[in-house]
Amino acid sequence: MQPRVTAILVAHGGGEYLERTLASVERQTRRPDITIVIDTAPADASNRVISAAAPTLHLTARHGATFGAAVAHAVAQTWTQLGDSASSTEWLWLLGEDNTADPRALESLLHAVERAPSGVAAGPKLLSVDDPAMLVSLGETISTLGATVQLVDNEFDQAQYDTKDDVLGIAAAGMLVRKDAWSALEG
């Protein structure tokens, strides 16, 4: 049995990439069981784009809410509005309005957590939406002095990191996180 996944896409007024990001969620080889779009700066244009995509839930957060606050609001509203169908969700897939996902992104993230069942989160290799040959993020580590350090910083993607598995930290964009861990840590 496949784990249940709720995708939460945080929009901020529908920027230029929102329609493309919503379409990328629809094209997933392993589609989310529930799709929620939460807008932190709703506008007529973003409402039209989101409504046309017909997510399971279309929510709004207070204007200017942070990504984390918007996700927390979406999680709380999901359980309130969808009840039992949301309570069986095992994983949350977190996306921003400019996170155009590869068609196999969710499937690949789920395979990663299957291979490492003690893991509570998995993150994708992030490429620039404007230049898909450019790596934007591959995770973070900590220096010997305790400072966070990006593992890559705008390098050309030549598959040089495709075998990298474990990192200390991952970006929120595209993160797949176990719902029970999210809840225990209160986001």
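Me: What makes β7 and strand β10 a pair, and in which sense do they pair?
Reply: This is a predicted model, and in it β7 and β10 (residues 155–156) are joined over 2 bridges in the antiparallel sense. Pairing requires at least two bridges, so the two strands qualify. M134 has F156 in β10 as its bridge partner.

Me: How do you know that β6 and β7 are paired, and what joins them?
Reply: β6 and β7 are linked by 2 bridges and run antiparallel. The criterion is at least two, so β6 and β7 count as a pair. L126 stands opposite S137 in β7, and a hairpin of 6 residues leads from β6 to β7.

Me: How many bridges join β4 to β11, and how do those strands run?
Reply: Strand β4 (residues 91–96) and strand β11 (residues 176–178) run antiparallel, with 3 bridges between them. At least two are needed, so β4 and β11 are a pair. W91 is set opposite R178 in β11.

Me: Which strands make up the open sheet, and in what order?
Reply: The order is β3-β2-β1-β4-β11-β5, a sheet of 6 strands with mixed pairing.

Me: Why are β3 and β5 said to stand at the edges?
Reply: β3 (57–60) and β5 (121–122) each have a single partner strand, so one side of each has no neighbour in the sheet.

Me: What makes helix α1 a helix that lies across the sheet strands, and which strands does α1 lie across?
Reply: Helix α1 covers residues 18–26 and lies across β1 (5–11), β2 (34–39) and β4. The direction of α1 is at about 175 degrees to that of β1.

Me: Which strands does helix α3 touch?
Reply: Helix α3 (residues 67–82) packs on the sheet and touches β1, β2, β3 and β4. The direction of α3 makes about 130 degrees with that of β3.

Me: What is the volume of the largest pocket, and which residues lie nearest its centre?
Reply: The largest pocket holds about 1500 Å³ of space. Its lining has 48 residues, and L109, A122, G123, P124 and K125 lie nearest the centre. At least two lining residues come from each of β4, α5 (105–115), β5, β6 (126–127) and β7 (134–137), and α5 gives the most, with 7.

Me: How do the lining residues of the largest pocket divide by type?
Reply: The lining of the largest pocket has 25 nonpolar, 13 polar and 10 charged residues.

Me: Why is the other space called a cavity, and what lines the largest cavity?
Reply: A cavity is a space where a 1.4 Å probe fits but cannot get out, whereas a pocket is open. The structure has 1 cavity of 30 Å³ or more, and the largest cavity holds about 40 Å³. L22, V25, E26, T35, A53, A54 and P55 line the largest cavity. The largest share of that lining, 3 residues, is from α1, and the lining divides into 5 nonpolar, 1 polar and 1 charged.

Me: How do you know that the radius of gyration of the chain agrees with that of a compact globule?
Reply: A compact globule of 187 residues would have a radius of gyration near 16 Å, and the protein chain has 16 Å, so the two agree. The C-alpha atoms fill a box of roughly 45 × 35 × 35 Å along the principal axes.

Conventions: Residues numbered from 1 in each chain as written. Predicted model: local features only at pLDDT ≥ 70, side-chain atom pairs only at ≥ 80, totals over all residues. Heavy atoms only, no water. Helix = DSSP H or I, 4+ residues; strand = E, 2+ residues; numbered from the N terminus. Contact = heavy atoms within 4.5 Å. Axes fitted to C-alpha atoms, helices over the stretch in contact; angles between N-to-C directions. 1 Å grid on protein atoms, 1.4 Å probe; cavity = no way out; pocket = protein on both sides within 12 Å on 5 of 7 lines; lining within 4 Å. Points joined across faces, edges and corners; volume = space filled by probe spheres on them. Nonpolar A, V, L, I, M, F, W, Y, C, P; charged D, E, K, R; others polar. Rg over C-alpha atoms; globule rule 2.2 N^0.38 Å.
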